[in-house]
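Please look at the model shown here with attention to how its parts are packed.

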Amino acid sequence: MQTIEVIYTKRNFNPISLMIRYMIPTSRVSMARSSHGMAVDGDHVIEAHMLYGVRRVPAAVALKGATVVRRAAYPVDDAERGLAWFRSQVCTYQPEVPAWLPKWAQAVVWFVKMIRHNNYDFKGALGLGFAPHRNWQDPSLWTCYEGLARTLLEAGLDVFSDAGFITETTLFSIRHRTLA
């Protein structure tokens, strides 16, 4: 049996991280432990990032400024197949920004275009607290937890057929080995 390693993180002083942790509570009185998850792919990670969409970057880049909450190894039939699927989702969009704009305006235009055209599922991320029973399996848009669930599904871990939505709690409830 092979494994796929997942790193769960949070950012303590980031309002978006706090909002996500608040929106997906583990109970009525406690917030989720993590606000983000990423699959380990060698010395890189694959993640669904709000700004860049699904991306594959060195682990050090993705983990900069983050607190690791848990590292988990999920048993799967074919880890490479799952990771290959997640790699195939990497967002290739690169915004074209007019060179005649001042630098500050170029940055704003780049940001707006990137947010608008990447493959991150903002409705899914913001809807976790308001509309938790939406279809998380939309093949064109992903939150980090949805991308991880689909990666595990593609690798042969089929435990998501009844899941209306995917959160940290859903992924933590699957049999896995916690790593140091």
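## The helix α6 and what follows

Gly156, which follows α6, has a positive phi, near 110°. Helices here are DSSP runs of H or I with at least four residues and strands are runs of E with at least two, numbered from the N terminus. The model is predicted, so local features need pLDDT of at least 70 and side-chain atom pairs count only at pLDDT 80 or more, whereas totals for chains, interfaces and linings use all residues. Residues are numbered from 1 along each chain as its sequence is written, and side-chain values use heavy atoms, with hydrogens and water left out.

Because nine of the eleven residues of α6 are buried, this helix is largely enclosed by the rest of the structure; buried means under 20% relative accessible area, exposed over 50%, and partly exposed in between, with a 1.4 Å probe and protein chains only. Among the buried residues of α6 are Tyr145, Leu148, Ala149 and Leu152, but also Glu146 and Glu154. They pack against β1, β2 (36-41), β3, β5, α3 and α7, where contact means heavy atoms within 4.5 Å.

## Nonpolar cores

The largest nonpolar core has 31 residues, and those with the most contacts inside it are Tyr8, Tyr74, Leu152, Phe160 and Leu171. Such a core is a set of buried Ala, Val, Leu, Ile, Met, Phe, Trp, Tyr and Cys residues joined through side-chain atoms within 4.5 Å. Two or more residues are given to this core by each of β1 (2-10), β3 (44-49), β5 (67-76), α3 (79-88), α6 (144-154) and α7 (168-172), and the largest share, five residues, comes from α6.

Leaving aside neighbours within four places in sequence, Leu171 is in contact with residues including Tyr8, Tyr74, Leu152 and Phe160. A second, separate core of seven residues includes Ile7, Met38, Val45 and Ala59.

## The surroundings of Asn119

Asn119 lies in the loop between α4 (103-117) and α5 (122-127) and is buried, with a relative accessible area of 11%. Polar atoms of the Asn119 side chain lie 2.8 Å from the backbone nitrogen of Val54 and 2.7 Å from the backbone oxygen of Gln89. Beyond four places in sequence, Asn119 also touches other residues, among them Gly53, Cys91 and Trp142.

## Val108 in α4

Val108 belongs to helix α4 and, at 45% relative accessibility, counts as partly exposed.

Methods:
Polar contact = N/O pair within 3.5 Å; in protein donor to acceptor, adjacent residues only side chain to side chain.
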